[in-house]
Each structure stands twice: as C-alpha cells, then as structure tokens.
Amino acid sequence: MMFTTEMIQLFAVVLGRDAERVSEMLLSEGVVQFLNIAEIDNEEMANLSSVQSQVSLVDISGLRERIEGLLHTIGIIPKAPKETDLNARAPVAVEKEKKLLDKIDGERESIRERQRSIQQEILKLEDIRRQVDLYGLGLSDVPLKTKHSFLQIQTGRIPLSNTVKFEENLRALPSLGISLGQEDDLAHYLLISMKRDSEQINKILSQSGWTNIELPNELKSVKEDVFKEITAKLGALTEEQKKLERRVSDLIRNQEKQLTDIWVNLRVTELLYKIQTNFKTSSRTVIFTGWLPLSKKDALSEKIQSACGDRCYLEWHNPGGQEIVDDEVPVQFNNPKVLAPFEMLVSNFGIPQYKTIDPTPFVMPLYLAMFGLMFADAGQGLVLVIAGILGMKHFKTIPEKKGYFKLSWLIIWCGVSSIVFGILFGSYFGKAIFEAVWFDFHGIVSGHPEGNSAVKDILDILAITLYFGIAVIFVGLLFNWINLIRTRRWMDLFFDKGGVFGAWIYTGGIYIASYMVDNNYKELPSGFIVFMLAGLPALLLFLKEPYHYLHHKTEKGFNPLMILNFLMQWLVELLEIFTGYLANTLSFMRVAGIGIAHASLMISFYTIAGMTSGIYSVIILVLGNILVICLEGLSAGVQALRLSYYEFFTKFFHGTGKLYTPISLNSD
Amino acid sequence: MAGALKKYAFINAKLRGRISKILSDEVFDRLAKASSLDSALDILRDTNFAQLQEIYSSTGDLKKGELELLKKEIELYVDIKQYVYKGSIEFINALLYQFEIENLKNAIRVFFNRKIRNRSSDPNIHYILYEPVIHKIPIDIIINANHFDEVAGVCIGTPYEPIIKKYSETVVSQGSLFRMEAAFDHFYYSNLIAAAAKLDKKDRDIVYRLTGVEIDLQNIDWLIRLKNFYNMPLDAVLAMLIPGGFTLSQAVISELYKAQNVSGILQNFVKGKYPGLTALLSSQTADSQSRLLLIDRILEEIMKQEVHRILAGEPFTIGIILAYFILKRNELKKIRTILNAKKYNLQQQRIESMI
C-alpha cells in the first residue's frame, strides 16, 4: 500500500494460428499494458511485420462512435462488454452496419428537414406576432401604436377551389390567412402579411382570384382574436416540432436493442484489434510484450499456455533489467477502495514514479486532520456527511460521473473529520452543547475558554498548527529519503533540497528558533552549536555543484570562472532552503487562521441572532450555518488540498509517473 | 490611478479559469470526424455548447443555434465588463461595436437585397438580432425600409448615420454594399484605437499590437476581394485599407499586390519576429489568390502566437482580456465552421483544412 504495485514485463512468442485465442484471453484477463514491439532496438525485430486485421480499426472505431452518438441522443450510454460478449463475438460486417446507420441517419435527416420547414413557418409567424406586439393591428377601429406598422391587413374572398393553392403559396412568406367562413362557392379570408412583401402577396392574390371585400360586421370580433389565432397556430406548430423531436428519439429507440448489440460486438472487436496492433508477426509466429502486476504473472502465464496448448515461449523481465523494452514502468495504485477519494486527490497532482512512495494512505489522515482543524463542528460535519451520502447515492448509478461519486465520498470523510474535531473542541452548530474533550476552541476565540486544557489562547492554537506543520514536513523529508534510496540516487540523498543536508539545516533552524523562544527572543545558542546545526550542513552543500561538474564532465574543461558559478549556485540554493523551509512551516498557520475564522463567524451569527428573538433568531442561525458550511467548508477543503500539494508533496513527490492502463473489456 | 495588480488580478484569475474550459484541439478533431451534424452536436452535449444540441434537436435549425451562440458571445463581453476596472470598460464597449456593426450590416443586407436588388424574401431576416447591443436601433424598420433615408433616419444619434448617408448613393449605383460595409469597419477600428489611446502605456501597446494583427487580417481579406473580384488598381486598394496594421505596412501590401514570389517578401517580416512560421512559407503557391490566402494563414498564426505570448507573459495587463476574447472568438468560429461544414456534408479533410 505504501508503494505502488510491483510490475513485471512479459515477452511472449506464440504461433500465428494461436494468436486469435491468445488475444481473446489477454482481453478477457485485461491485465497487460502492451508496448509496441517496434520499440525494441533489434535488427531481427525490424524484419517483423504488423498483424493485419480483417477490418480496419479506424472503420470499427468510427462505427462504434456513430452508434454511441445515436444512443446518446436517447440518453443511453452503452455499458462495457462482458466476457460472454467476447465469447459470442461475431465477425464485423462493416458495410451492413454502415448501411443500417446510414438508413437511420437518412430517416433522421428527413425528420430534421421537416423540422426545419416547420421552424421556418414558426419564424414567419413570430415575425408577424412581433409586429402585432409592437405596433398593433392597424385596423380602422384599432388605432396604431406608432406610425411604423409593417403589417398589411386585408379581407377578401377567393373561389373555394383555390384555397389549397392559396394557403400553400402563402407559406413561403410571413403571413397569416384566417378563414372567415364560406358563402356559396367562395371562401372568405382575413389576410395579414408584411408590407415589404406586398408585391409577392399581390401576385399570390391575383393567382387565387382574390376580391377585396369589407369585413362583415358580424365577423368584426375576429380581429380581436387575431393575436390568439397566431398564438394558437404557433402552439400547434411547436407541438408538431415536439412530435418530430419524439419521432427522432423513437426512431433510435426502436433500434436500441440492435444498436446496442452491434455496439458490443464492435467494441469487443475494437479492443481485440487494439491488442493486436501491438503484435509483430513473422511467417509463423507472433510476438508481443507488455507490463503487468507481478502478482498476476503466474495466472497469466498459465492462461497463455492453456490458450495456445503450451505452444509458446514466455520470458519475464524485472524493471531495470537489461532485457526490458521501454524502461518507463507504468504505475498501478495499490490502495483499498476506501482510499479512492484520496487517490483522486493524489492523481490530480500527478502519478508517482515507479518504486517510489504512493502518498495516498498518508494523504487521508493528513487531509482529514487539516480539514477537521479548520472546520471543527460536529453539527455542521453531520450536514456534510448527509450531503455526501445523498451525492454518493445519486452519482453511484451514473458511470460517467465517477469523479463526483468519489467527491461525495470525500465530503463524507470530511464530515466525519469535522464531527470528530467538533467533539474534541465542543462545537455543535457553533454552540458548546457538550463540554470539549480536548479544548474549548470557541471559548478561546471569544476570549473566555472553559475547562482546564493546556491550550489556553490563540497563540497555543497557532503553536499546535506549527508543530503539526513541522511534523508533516519531516514526514515529507523522510519519504524523500526513502524514494532516493529505493531509486539509488545516493548523491541526491545528501545534496537534494529535501536531502540529508537540507533536513539537517531545517532541524537546526527549528532548534535555534525554539531556543530563542524559550529565552524570550534574547539569546541564541552558542556559536559552535549554531555552526554545527546550520553552518556545517550549509558548507557541505557547497560540494554539490563541484560534484556535479566532476560527475558530468564536459569536453570544455575547467574554467576558473566556474568557481564563481559554483559559489552563486550554492548561495541561491541556501537562500531557497532557508526561505523555503521557513515559508513551508509558517504556511501551516493558515490551518489555525481558518479554524479561528470559522469559530468567529459562528460567534458573529449567534451575536446577531441574540439581538433578535423568535423565528428571526432561528432564521439567522439557520442561514448563518448554511453560509458557514458552504463558505468555510469550501475554504477548508481547498486549503487542506493546497497544504498537501505544496508543503507535503513537493518534498518527495514528482508526479511524473505513467499510469498503468491495461487493455481490458472495461477500457475507456 | 490604480495599479496593474489591483486592476487585473481578479479578472486575470477569472479569465484563466475560463480559458481552461475552451474546447481543446482533440474535441475539434472529434467534431471534424463526426459522421453527421447530429453526431457532431452530440459531442458538444457535455460542453458549454450543449444548448446548440438542444436547439437543433428541437428545431432542426442550425442557424437558430448560431444566433444563440452570437447572443452568448455578446453576453460574454457584457459579463466581463462588470469585472473590469472602469478604465477598461470603455475599451470593452469599443470591442462590443463589432457585434452591433455586424448585425447592422446583416439588416442592411436584407433591406438591400429586397429593395435594391429586388430579391424575394430573405430567410436571413429571422436570424438578425432585434435586441440592442449598444444603441437602440430599430432593426425592424431597417429591414422593412423602402429607402436608405429611412435606414439613416433610424440611426440618428449613432456613428452609423453619417456613414449610411455618405455611401447610400454609391452602393445603390454600384449595386454592392462593399463600400458602406468597409466604412463601418473603418469606424470600428478607428474607434477601437481611440479607446485604446486612453489606456496606460503598457496596455495601449498590447492593444495596438493585437489590434494591429487583426487589422492586417482584415486588410488581407480586402486585398483578396478587391484584387480578385473587383479588379481594383493598387492605389484604390491602398486607399481602402485600414491604417494601424501591425505587420503589413502599405509598402509590404504594395509588394504583395504586385509580387510573383510572395515567399521572399514574407520571409523578411516573418523570420525575424516569428521564426516558427517559416515552415508555412516553404509551401510554394502559384496563383495570386493562394498567395494571399497563405498570408492570411500566416497572419492567423501570428495572432495565435501573440495570444500565447500574452498568456505566458506578464499577467496583469489588458492582454488577458483581449487574449480571452480572441481565443473565445476562434473557438466559436471553429464550431460554426465545422457545424456548417457538417450540414453541407463536406469531407473531413476539407473541414480540417478550414479550421
């Protein structure tokens, strides 16, 4: 758990006829991160060719993505294939699948076309409605709002036989023809159109045999309903749009089963082909190589042998060996599931290098301790736990929101930490309902602490966070040494800023500072002690640059000016060590600062609530608690993360590793 | 006067956060590869452009989605205004003019096509912004106008009235709006430069530099049009160009207009300032239009490099605001280009060359 998983590299040769079975087995096991065999710097390997697949991987991926797109439109995200899908795999008929997708696309496009034409009608009617809205109708008994009406309104009649053509022609322009009824073989209309289109409207009217008439008195009320008519028409068109939108969904939904089955088959084939792109082949054999966790070696070995009936040759290489291909070993986190939210925090910063310490198990107590110190309240912590549980339940079923699921767990953990520290400091929604188990944080902040704790004032709280920070920095330094020893970087173990000499100076600095504090800032330790604690390691650090020069000697040769260069680099390094460690340590005081701000805010809300009574007081306290939970919760979360990243990680963690990503049925 | 830190610290942090959300090249690559417009829009579902997909699936109307994009872009400027120091507000207002001018041009085009060119109902009428951007211009009246006097009349009190009055006869007689539109663009840039002149020296220099590259791009665009489509002589072309360019002086433009070997001229001004772009120049082009398109591409690259220079340089300047606007505009432009290309079933390779 403290270190990343131990890895091993497999080099395998199997017969060509067994390659398919072996690929299927490798996919089913899903433990190998393949390496491209072409990277092997060997003449014999250069003569090998790639494995030719029956269908192009690009075509398969393209089809798979198209189906994904279709399924997404009805809110379906296909699930990763299962082993049974691998066994039931059928050859991909690219053309057949393409034809099906093209057919669906074609049908969808024709619906879209219909949608577009309805949309044009909607836009035209909206154009008229906007005019009516802005300037009124302009009928004789309805005065215009302004002189700018662009509407043309007329009433008239056309022969019944021309009505269909008339209405069809009007559709091309922003217009509204309201049927006013029929008389004999004539249809009466109230026609609203735009003045700017009068030329085209007149043409349509003359083609339809239009005759202008006065609006009969009994139909005058129709004018009042014009706006309603437009709205009703728009409503009907919008409803039709919705129907068409549903038709697109139904079109895909009807094919859902078939599309999902094709998707699964494509996905399995795609993954198999991805594996095979890493294979190289001779006339009869296939070669592949890749990394896997050491713990899986025996099981995989057995499976390969069984898949090819023992007709194979397997070689296993440990990282760092001369035989390995690509010396960048992938890194697999090795933590229990409970640490997943903290693993997320670590991987956001970077991936640890192989063989170095994985900080995840240490981030959990560190992060939670800092969060708890900054946000110590049992009641508010409980709210966080509830919010986290709700979030977790919500995101559990949404695979693509995995990050939010982990974040919900992190909130639950933070809530638990707040509850623990709330009990220690006796804070329950900002109130001391029960006596503090450790010390009365709120009492100290407000100036009248209760109980007999050793922590009595704000300076004591600040001191706690300083000691905490010093401990964290020392743990970081210790991890750095472990990493340097494991990676056999002996000189860095001494000369690195976080190496032995750096830590020596830091320890000396802490001793000197505490000696001064104990002596009321008036006395320093003796000169000899100061020299031994800070001077000697500083002088020893001077050897770093000359050592580097001798170790990486260039053809240029020695130049006396280099001494000046060594001196400058030494001075800069010393400056960085002194200021860096001081800043790192003092940075932890923010933990106390935010904790004090949290307590102060709650005290303020109680004071404000105390100025009122009854329901107002309750409202103020509820709102105050909500504000503090949101504001301080976020602030404490961010600051705890910042301290973990910049004061702890930077001591030992470079985050330049490469994550282990085997090809499996669950691959992204 | 407030210090640079006070003026730009907040907006710098805010915009850097937003810049990180600008779509990556990988997304554009996937968009270009999408099998259909629907598939492309589906890729945007989990981005800030999800609205486009919603609009398209409910209306089938891509232009309506584009109009929403335009509104969002304008909102972006208005939104940024509330976070900047008051000295920069005037400058952002000057930038906002580009949208008002573009909208006004669209409205005038609809009027022009209907009234002067006697073309039937223009569907673009439905994709014009009727809401005011800076001035309250009744776009309805422009669209429905019968004469340029009416158009100019509703623009009284805006900087556009004198321009419309001055060029209305020319555009009617030439049957082209180019002169009037060019005058609008001239106004936009001169107004922008005047607003920039009120900024501090450091900010001013950044604005001149970036606006200068933009002017160069605009001038090249015109050079292509004026030479190839209007067959305009050099003197007339030079008179039309917008002053204030960054890289292309009048002398360089004259040379570009006349030269056969364009690479040689380009080498001179590119190799010193932008050595990375010399690779682009290795592509030899035969015809004049390709030459000018090559310059256009180089200027786009220069703009990109300038933006990256700003982002990597001193953080507390107006540069961050300009860089953000440019990046955002490019993002929107690429989205529009790809979606329209998908609508017209253009090949992936062609789309990639367009973005």
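A residue is classed as buried if 20 or more other C-beta atoms lie within 10 Å of its own, as exposed if 12 or fewer do, and as partly exposed in between. The model discussed here is predicted.

**Trp409 of chain A**
- Trp409(A) is located in helix α15 of chain A, which covers residues 402–425.
- Because Trp409(A) has 22 C-beta neighbours inside 10 Å, it counts as buried.
- When neighbours within four places in sequence are set aside, the contacts of Trp409(A) are Ala340(A), Pro341(A), Gly388(A) and Met392(A).
- Between the C-alpha atoms of Trp409(A) and Ile389(A) the separation is 7.4 Å, and the two residues are 20 residues apart along the chain.

**Packing of helices α1 and α10 in chain A**
- In chain A, helix α1 (residues 19–29) packs with helix α10 (residues 256–276) at an angle of about 110 degrees, and their axes are 10 Å apart.
- This angle makes α1(A) roughly perpendicular to α10(A).
- Helix α1(A) contributes Ser23(A), Glu24(A), Leu26(A) and Leu27(A) to the contact, while α10(A) contributes Leu271(A), Leu272(A), Ile275(A) and Gln276(A).
- Of the residues in the contact of α1(A) with α10(A), five are nonpolar, two are polar and one is charged.

**Asp221 of chain B**
- Asp221(B) belongs to helix α11 of chain B, which spans residues 201–228.
- Asp221(B) has 14 C-beta neighbours inside 10 Å and therefore counts as partly exposed.
- Asp221(B) and Ile143(B) lie 78 residues apart in sequence, with a C-alpha to C-alpha distance of 27 Å.

Note on methods: Residues numbered from 1 in each chain as written. Chains lettered and ligands numbered in written order. Predicted model: local features only at pLDDT ≥ 70, side-chain atom pairs only at ≥ 80, totals over all residues. Helix = DSSP H or I, 4+ residues; strand = E, 2+ residues; numbered from the N terminus. Contact = placed C-beta atoms within 7 Å. Axes fitted to C-alpha atoms, helices over the stretch in contact; angles between N-to-C directions. Parallel < 35°, antiparallel > 145°, perpendicular 65-115°, else oblique. Nonpolar A, V, L, I, M, F, W, Y, C, P; charged D, E, K, R; others polar.
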